[in-house]
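Subject: Handover of a structure and its findings

Dear colleague,

Please find the structure below, followed by an account of what was found in it. I would be grateful if you kept the sequence open while reading.

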Amino acid sequence: LGGRAEDGSSAIHTLVQLVTDSVEELRPDVDPRTQADPAAFAAALREDEDAAEATSQPARWQQRGLVPGPAPRAGAALAYDERRAKVVLFGGEGAADDTWEWDGRDWQQRLPVRAPPARSDAAMAFDPRRGRMVLFGGLSELFGACGTPDSRRCSDTWEWDGSLWVRAAPLGSPPARAGHAMAWDAASGRVLLFGGKAGQAG
């Protein structure tokens, strides 16, 4: 008889444990820090609140690049080369004909054997299909320096492959202009150009 009573008590204990475990599974996850003393848990909670507040702060600009970069300028052409993961800069006001690349940490000046004539207000776009940066137009300091004999506005097209600038010779070309916009259109597989100031510039 005693043995049967002990068996019944053991069965009841097992049933109670199963019910308790089931209830615990239905409860929300409990932070293990609640098992610590209340003061420690309060401190941990404040840390979580501070971290949440920090991550909710708006993004801020940070000045980057310890290595000297391009000289101050306006009117430079700038575009992203997605194949090489670098931003390419060319030209700008002040008769600039230099080429620079930004890798996310520092600027590096590139020194190709040939480069487009100096200009400002040109536009560039990356052609991912051919892996080339395409530059068109701009405003030169000199008349006839870049494809248009009687104007300072440029009508020439250049391509940069990461090492060399090569002047392109398209069958057709937009009229000379400066201050325009260029972008790659994935749907058509072409570089698009829009707007700008055309005509002569004295």
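Is Asp 127 buried or exposed? With a relative accessibility of 4%, Asp 127 counts as buried; here buried means under 20% relative accessible area, exposed over 50%, and partly exposed in between (1.4 Å probe, protein chains only).

Before going further, please note that this is a predicted model, in which local features need pLDDT of at least 70, side-chain atom pairs count only at pLDDT 80 or more, and totals for chains, interfaces and linings use all residues. Residues are numbered from 1 along each chain as its sequence is written, and side-chain values use heavy atoms, with hydrogens and water left out.

Salt bridges

The structure holds 8 salt bridges, a salt bridge being a side-chain nitrogen of Lys or Arg within 4 Å of a carboxyl oxygen of Asp or Glu. In one of them, Asp 127 is joined to Arg 130, with 2.9 Å between the closest N and O atoms. Arg 130 is partly exposed, its relative accessible area being 36%.

Arg 130 also meets the side chain of Glu 159 in a salt bridge, at 2.4 Å from N to O. Because Arg 130 lies in the loop between strand 5 (123–127) and strand 6 (132–136), while Glu 159 belongs to strand 7 (residues 157–160), this pair ties together parts that are 29 residues apart in sequence. Strands (E, at least two residues) are DSSP runs, numbered from the N terminus. Glu 159 counts as buried, at 17% relative accessibility.

Elsewhere, salt bridges that share partners join Asp 81, Arg 84, Lys 86, Glu 101 and Arg 110 into one network. Within it, Asp 81 and Arg 84 have their closest N and O atoms 3.2 Å apart. Asp 81 is buried at 1% relative accessibility, whereas Arg 84 is partly exposed at 24%.

Four strands make an open sheet in the order 5-6-7-8, with antiparallel pairing; two strands pair if DSSP finds at least two bridges between them. Strand 5 and strand 8 (165–167) stand at the edges with a single partner strand each, so one side of each has no neighbour in the sheet. Strand 7 and strand 8 run antiparallel and are joined by 3 bridges.

Yours sincerely
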